[in-house]
Amino acid sequence: MGRRAKNKQGDPTPLAEVQENTGRPSQKKLGKRKADDVDSTSKRPAKKAREGEGKPAKSVIADGKEKNISKGGAKTKSDKPKVKPKQARFEDEDEGAGSSEGWEDVEDDEDLQTQAKSLFHNSDEEDFVGFEGDLNDLDMEDADEDDDMLRGPTQELDLGSDDDDEPELPVKGKKSKQHERPSKIIPTGSDASSDDSDEDEEGPVTIKNMEARSRALDAKAAREAELDAEELRQAALAGAESDDDLADVDDVDMDEEGEGGEEGEEGFVLPTADELEEEKKRGGPDVHTVQRRMRQCVRVLGNFKRHAAKGRSRAEYVQTLISDIASYYGYNEFLAEKLFQLFPVAEAIEFFEANEVPRPVTIRTNTLRTRRRDLAQALINRGVNLEPIGKWTNVGLQVFESSVPIGATPEYLAGHYMLQAASSFLPVIALSPQPGERVLDMASAPGGKTTHMAALMQNTGVIFANDANKARTKSLTANVHRLGCKNVVVCSYDGREFPKVIGGFDRVLLDAPCSGTGVISKDASVKTNKSERDFTLLSHLQKQLILCAIDSVRADSKTGGYLVYSTCSVTVDENEAVVDYALRKRPNVKLVETGLEFGRPGFTSYRGKTFSDKLSLTRRFYPHVHNMDGFYVAKFKVEKRAKVKPVKEEAEVDGVDAEAEGTSLAFDENEDQPYLEEMKRKRMKQKGLKVPPRPKAAPAEAPAAIAAA
């Protein structure tokens with residue numbers, strides 16, 4: 001027997017039997033109540049008397065049917081007889097078993113016949129039995145009132161706003177894919193706080209209302225952008241008016257002595273040297289005082305002629321500002337002054353402020369193992385929020401947030417990407433190694449640039465990855481193996497020995513050791529542990545390395561002959577000064593375009609020093625401008641050396657003198673013997689062998705000639 005046939009309602013029982021039954025009916029009888037006689041006027045008992053009754057052990061399905069019948073009964077006499085919204089059924093089924101919500105909206109003084117009729121008509125149409133021919137005999141005096149009373153509370157009932165239970169649990173089980181995913185795409189926090197949000201926005205996000213809500217969010221964002229732009233315009237107008245007022249006041253008070261005019265306006269007095277010393281002895285100024293003084297100094301230095309006080313020089317304002325920068329940001333005064341001199345006053349503050357903010361986390365796709373699109377999709381599936389860095393690179397991705405450690409994902413361990421700063425892409429892009437070439441990376445640890453070059457060369461040719469620190473070659477080797485680079489040879493030599501160890505490279509990359517003034521956001525110790533001596537020693541080392549790198553390049557290379565010099569520093573001593581030195585010492589090299597689409601040109605003159613005009617081809621990168629670490633990139637083209645003319649002239653002069661004296665110019669076999677022995681001694685010393693002492697009979701001219709050579 002089917003479900004409908006089993007629960008089929010029989011003939012109505014007489015009203016007398018119902019009235020005689022003084023006991024409480026079971027929960028099941030409430031759901032499917034028998035139709036009563038026409039003349040019945042009995043009332044439904046009060047709700048409180050029924051609450052104390054025990055609940056039958058009936059399944060939740062029976063209660064759900066009961067609720068659907070009772071709530072659908074209110075709509076029996078409406079124009080639309082169709083029943084039971086699906087959403088309501090799911091939410092009602094979640095409420096506890098044994099509830100009697102089918103009768104909660106019925107008042108004690110209402111007609112029980114009317115309620116029974118409404119319940120009866122809400123059952124299945126094909127199972128409709130009884131009441132045939134008896135409907136005209138029913139007492140319908142208060143039918144309209146009963147309908148209004150029954151219909152009113154039902155219309156006010158909100159199935160989705162019940163806070164006591166959890167009405168969304170059944171919906172989530174049925175519609176988790178449709179219901180949860182849009183809530184992540186469209187945030188609802190702003191919708192809840194907005195005053196003009198309609199009823200559709202407060203409800204769950206569905207496929208139907210997603211487009212409408214998206215349009216509403218776009219319209220709201222546009223309105224907020226217009227308000228922000230209007231506020232900026234008003235602030236700019238107010239600032240211009242205040243500047244004009246200050247200029248007028250300064251002009252009026254220019255004849256007064258001291259800083260009376262400025263004290264009246266701003267309350268700012270530039271402290272003297274003695275006052276600054278006393279301030280330091282007391283433990284330093286207050287943070288708010290330093291901030292205010294820095295703002296005022298920047299304002300005065302921005303237009304010194306208008307805002308400066310009488311009797312105070314520009315140097316005093318500059319020195320006070322540098323001292324405040326050093327104390328506020330934690331630099332020593334030497335480094336603060338050195339970095340301050342690189343920029344205009346307002347931009348210098350932006351640079352120091354940018355060093356306090358960490359740079360974005362970026363990764364480089366290893367094209368030897370995967371594609372950027374596939375890697376991005378895999379990481380997004382793991383809960384990583386990312387996007388491409390920019391148009392200047394096709395392998396970089398910027399990570400905004402991640403629910404998993406970005407350096408411990410299966411993709412990272414499989415070598416699909418490398419954690420690498422965006423600025424480290426630039427030297428390799430500028431060098432642009434080609435497949436099949438012979439390339440040298442003079443300072444390669446930990447291997448980000450080396451593996452990038454291997455990917456560009458498609459694992460062809462050979463890359464010599466060198467690093468002077470043998471301990472750092474461990475991480476270099478690990479990354480080379482993890483990323484699947486098969487054309488890399490790892491070695492550990494001092495870069496200044498490389499022309500003698502091995503040479504003849506098509507391209508050379510020199511990422512020279514530097515002071516790290518471009519990566520202060522990563523290493524804050526640079527603020528205090530760098531002195532003038534450090535910059536002098538580093539500059540000397542960099543000049544030695546760049547000359548050795550130039551000598552290691554094969555000038556007659558068909559595809560290459562290039563050298564890229566880069567540092568993670570922004571100081572001129574380590575960048576333009578070193579490049580200009582290389583141009584003067586090696587006349588067979590010249591600067592060429594780096595191929596980078598952005599970046600500021602290098603300095604051609606700095607604080608009285610004049611460099612080559614070609615230095616404008618180099619590129620500088622700053623954290624406050626390009627949102628990456630401070631960096632410097634220069635690209636050289638190495639050409640063949642020209643023949644040395646002075647040697648020929650000396651040979652001709654010697655030949656003329658020899659002919660004049662009448663002597664013969666025969667070949668002397670013993671003349672080169674001292675040079676050969678000296679070279680043999682050097683080779684033995686490099687191999688670590690014991691070198692025999694020099695013979696006493698060696699000619700005195702040999703050491704002098706060797707030193708001159």
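Arg-312 forms a salt bridge with Glu-316, with the closest N and O atoms 3.2 Å apart. A salt bridge here is a side-chain nitrogen of Lys or Arg within 4 Å of a carboxyl oxygen of Asp or Glu. Arg-312 counts as buried because its relative accessibility is 16%. Glu-316 counts as partly exposed, at 30% relative accessibility. Buried means under 20% relative accessible area, exposed means over 50%, and partly exposed lies in between (1.4 Å probe, protein chains only). By this rule the count comes to 19 salt bridges.

The model is predicted: local features need pLDDT of at least 70, side-chain atom pairs count only at pLDDT 80 or more, and totals for chains, interfaces and linings use all residues. Residues are numbered from 1 along each chain as its sequence is written, and side-chain values use heavy atoms, with hydrogens and water left out.

A second salt bridge joins Glu-437 and Arg-507 (2.6 Å, N to O). This pair links distant parts of the chain, 70 residues apart. Glu-437 lies in the loop between α22 (425-431) and β5 (438-441), and Arg-507 in strand β8 (residues 507-511). Helices (H or I, at least four residues) and strands (E, at least two) are DSSP runs, numbered from the N terminus. Both Glu-437 and Arg-507 are buried.

Helix α28 (residues 576-585) is mostly covered, with 7 of its 10 residues buried. Among them are Val-578, Val-579 and Leu-583. The cover of these buried residues includes α27, β9, β10, β14 and β15. Contact means heavy atoms within 4.5 Å. Arg-584 forms a salt bridge with Asp-580, the closest N and O atoms being 3.1 Å apart. Both residues lie in α28, 4 residues apart, about one turn of the helix. Arg-584 is exposed, with a relative accessible area of 57%. Asp-580 is buried, at 9%. Elsewhere, salt bridges that share partners join Asp-506, Arg-554 and Asp-556 into one network.

Strand β15 (residues 631-638) has 8 of its 8 residues buried, so the rest of the structure largely encloses it. Both faces are covered. Phe-631, Val-633, Lys-635 and Lys-637 are buried on one side, and Tyr-632, Ala-634, Phe-636 and Val-638 on the other. Strands pair if DSSP finds at least two bridges between them. Strand β9 (residues 562-567) runs antiparallel to β15, joined by 6 bridges. Leu-563 has Phe-636 of β15 as its bridge partner. Strand β10 (residues 589-592) pairs with β15 in the antiparallel sense over 4 bridges, with Val-589 opposite Val-638. Strand β14 (residues 619-621) also pairs antiparallel with β15, over 3 bridges. There, Arg-619 stands opposite Val-633.

A further 4 strands form an open antiparallel sheet in the order β2-β3-β1-β4. Its edge strands, β2 (384-388) and β4 (417-419), each pair on one side only. β2 and β3 (residues 396-402) pair over 5 bridges in the antiparallel sense. Glu-387 stands opposite Gln-398 in β3.

Lys-530 sits in the loop between α26 (526-529) and α27 (532-552). Lys-530 is buried yet has no salt bridge. The nearest side chain of opposite charge, Asp-534, is 5.2 Å away. Lys and Arg count as positive and Asp and Glu as negative; His and the chain ends are not counted. Leaving aside neighbours within four places in sequence, Lys-530 is in contact with Asn-332, Phe-334, Ser-515 and Phe-535.

Overall, the protein chain has 32 helices and 15 strands. Buried residues make up 39% of its 709 residues.
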